[in-house]
Amino acid sequence: MITIRELTTMEELEEMMDVEEAVWQMEPLQVHQTFTVLKNGGIILGAYDDEKMIGFLYSFPGFVEGDVYLCSHMLGFLPDYRKRGIGVLMKQRQAELAKDRGYQKLRGRLTRWKHQMRT
């Protein structure tokens, strides 16, 4: 069963680095960066198949000309878990958490998600 949960520990962020590297085939974000984002308004989620992390979502606070928003930057899954709708579930959870934390806007590559914050 796939579960989605918020990442809160250094160990989980280090695990995310492994998934990120496998997904994007490049050097992952450093854990000091993701931890700082986590402690300063960011939302970072992990998708798990039992206890194995199989995907992640990384977002951080943004601010431009007085406009505060959550910037959804990365979403990725190990190859065997792609095209199963898990990304939609993660984006929905991200929008719920963002709204609960007072964000009025959510921006990212999938711009349709920023409109979900209005409802």
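Asp 67 is buried, at a relative accessible area of 19%; buried denotes under 20% relative accessible area, exposed over 50%, and partly exposed the range in between (1.4 Å probe, protein chains only). The model is predicted: local features need pLDDT of at least 70 and side-chain atom pairs count only at pLDDT 80 or more, while totals for chains, interfaces and linings use all residues. Residues are numbered from 1 along each chain as its sequence is written, and side-chain values use heavy atoms, with hydrogens and water left out.

Asp 67 lies in strand β4 (residues 67–77); strands (E, at least two residues) and helices (H or I, at least four) are DSSP runs numbered from the N terminus. Its side chain makes polar contacts with the side chains of Lys 105 (3.2 Å) and Arg 107 (2.5 Å). Such a contact is a pair of N or O atoms within 3.5 Å; within protein, one must be able to donate a hydrogen and the other to accept it, and residues adjacent in sequence count only if both atoms are side-chain atoms.

## Ser 72 in strand β4

Strand β4 also holds Ser 72, which counts as buried because its relative accessibility is 9%. The side chains of Ser 72 and Lys 91 are joined by a polar contact of 2.6 Å. From Ser 72 to Ala 95 the C-alpha separation is 9.9 Å, across 23 residues in sequence.

## Glu 21 in helix α1

Glu 21 belongs to helix α1 (residues 10–24). With a relative accessible area of 38%, Glu 21 is partly exposed.
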